[in-house]
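Colleague: Could you take me through one part of this model up close, and then the packing and strands around the rest of it? I'd like the cut-offs spelled out as you go.

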Amino acid sequence: MLRKFPHLSSPITIGRTTFRNRIFSAPMGGTDITNDGCIGPKSTAFYELRARGGAGAVTVSELMVHPATDGSHAYHLDESILNSLAAATCTADAIRRHGAIPSIELSHSGQFAGTYMTDKNRQHNLHQWGPSDGVRADGVPVRALTQELIDDIVAAYGHAAGLAKRAGFEMVMIHGGHGWLINQFLSPLFNHRTDAYGGSLENRTRFAVEVLQAVRAAVGPFFPIEFRMSGAEFTEGGYGLDEGVKIAQAIEPYADLLHVSAGTYQKTFGITHPSMFEDHGRNVYLAAEIRKHVSKPVATIGGLTDPAMMEEIIASGKADVVYMARQLLADPETPRKIDEGREEEIVHCLRCFTCMAERAATGTRRCTVNPLIGRELDGTEVQPAPVRKKVVVVGGGPGGLYAAYTAARRGHRVVLMEKEGEVGGILKSEQAIPFKKEMYGLAHTCELLARKAGAEIRLNTEATPETVEAEQPDALIIAAGSRPLVPPIKGLDGDNVVIVNNYYREKDKVGDHVVVFGGGLAGCECAIHLGREGKKVEIVEMRPTLAPDANVRHRPLLLAEIAKTATVHTGYKGMEVTREGILCTDPSGAQVLVPGDTVICALGQRSRTDVVEALRDCAPFVRVIGDAAKVSTITNAVYWGHWAAMDI
């Protein structure tokens, strides 16, 4: 078979272990971590899904090697803890039985111990240990590790690595990046020691080298050891790429694979995990430069989703392995689809941070575009329905399309009615905003998947009681979406006003000075786009804060972009739209004009309840999903759509 992406699909041997391809699943923390640090069954299923999807390696994360000095609520591996070794063994088995190599990330949070605790009061009451005495930015004191503790932690890395090998893991990753303990020793930002572990580069790499030596002694000469590092820290006082190269050279004799990431904890979240505001692969150049100066294989990571881009990375010698994390949540079968030349079927990560925000908020995981994530034990295979039925889906937005896809896979006869000439629903509006192109593309990927599964999609077909009943459906899924909220404000119907949903159709109407009326998520993202185009942008928002509907991971990055691109007027109530802008009352009650020659109306959405009420009695089984049920998120639309189809 001629592979479409031959370099990505080619095997690689590290140590004496051969990996089936160059696509590895990056460390991602599980969810049901027991109180004593065991891997729970939900987490095992979470990791197994990526192995089934074809990844060459799947990395379990994070195993904290020294609980006495690192109280993070993460995995531990300790034979004195009941089920600790057994749970790890079952997880390694679950990964390996699908042909992937199981790996586990060994780590220590250092002065950020307790990061993963939901009880932040308890976190701040912990003793925080790092290379040097000091005080964290949040006021928590940090104590310098003594030689005795350093020796104990080094030994703990070796002990954990040995147990990991016993459990069936066939590679270990030593986390030396992102501001965790090893990185704290490497970085002049954190390390101010004057003994053998501080000052010169040789001294600052000493702790990492000792850890790697202890791990090697525990696992033997041919067992693959991967070292994860930040190629550069991207923060004042930290090291840059030049020093990153030197660190890699110092580490190289003791590791089999150099995994080059980026950034440092709490300072570079949107770089370490590139946000939608960053280029895909924005950190690849770090790995590419380091690879020029070392002889061991190098891995790269950072917002990688496109098979053609990843193929070029390997083919051109920028890296030997590509890692993905969020993309393998969005579509765990990405590696298999790449191997089989089905790249058009890949569901791309939106880089929306729902996955990380959900873990922070509820201790679970979700993915906007994959309803299985975090719910793997509910079943990851779509089984045929016992009785084949006729299903009508109303609306071709993300929820309706996913419902049609799932229903068709179950063997139902599916007809999707979309009143417009293109699927996508509200996602059509994203095509004009470059950093949200994956959201626009999502609809067309889901359309392709639904058609391939056997669903009939009828465009330019309005769902009415007559057209739906003519199909004699056994089940009806109403995903009619929402319409823009346009309150009766004088002038809001003027020809200088563009509804944000229609911006992609009316870009030419937008002048050089724009007032975005509404500071929710949609308004803010449109404002960022317009500001990046060089337009002068004002945001008018009645509430005291912007984008309260954005998740906790995306919102800080969004606000940072707003600060670069727009002038913000919070607490301003828009009273009238004029040719000159929007007349508002400011927080003091005074009337002011926020000037602009174009107004973008982004005041929210309203459910299409009229469609729901008209169709409610058109089938024995009726389910309302997505914005038609409640103006919400793509995440809910997709999740509800999938399970509506599973219930038929």
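Modeller: Here is a walk from one serine to the cores and then to a strand.

Some ground rules: this is a predicted model, where local features need pLDDT of at least 70 and side-chain atom pairs count only at pLDDT 80 or more, while totals for chains, interfaces and linings use all residues. Residues are numbered from 1 along each chain as its sequence is written, and side-chain values use heavy atoms, with hydrogens and water left out.

Let's start at Ser-187, which sits in the loop between α6 (181–186) and α7 (201–204); helices here are DSSP runs of H or I with at least four residues, strands are E runs of at least two, and both are numbered from the N terminus. Ser-187 counts as buried because its relative accessibility is 0%, buried being under 20% relative accessible area, exposed over 50% and partly exposed in between (1.4 Å probe, protein chains only). Leaving out residues up to four places away in sequence, Ser-187 touches Glu-233, Gly-238 and Tyr-239, contact meaning heavy atoms within 4.5 Å. With Glu-233, the side chains make a polar contact at 2.7 Å, and the Ser-187 side chain also reaches the backbone nitrogen of Leu-189 at 3.0 Å. A polar contact is a pair of N or O atoms within 3.5 Å; within protein, one must be able to donate a hydrogen and the other to accept it, and residues adjacent in sequence count only if both atoms are side-chain atoms.

Now the packing. The largest nonpolar core has 143 residues, and Leu-106, Ile-174, Phe-207, Phe-227 and Ile-600 have the most contacts inside it. Helix α5 (residues 147–167) gives the most to this core, with 11 residues. Apart from it lies another core of 15 residues, including Val-394 and Ala-480. A core here is a set of buried Ala, Val, Leu, Ile, Met, Phe, Trp, Tyr and Cys residues joined through side-chain atoms within 4.5 Å. Ile-174 is in contact with residues including Leu-106, Tyr-157 and Phe-227, setting aside neighbours within four places in sequence.

Last stop, strand β17 (residues 475–478): Ala-475 and Ile-477 point one way, Leu-476 and Ile-478 the other, and all are buried. Strand β14 (residues 390–394) runs parallel to β17, joined by four bridges, and Val-392 stands opposite Leu-476. Four bridges also join β17 to β28 (residues 621–624), again parallel, with Ile-477 opposite Arg-623. Strands pair if DSSP finds at least two bridges between them.
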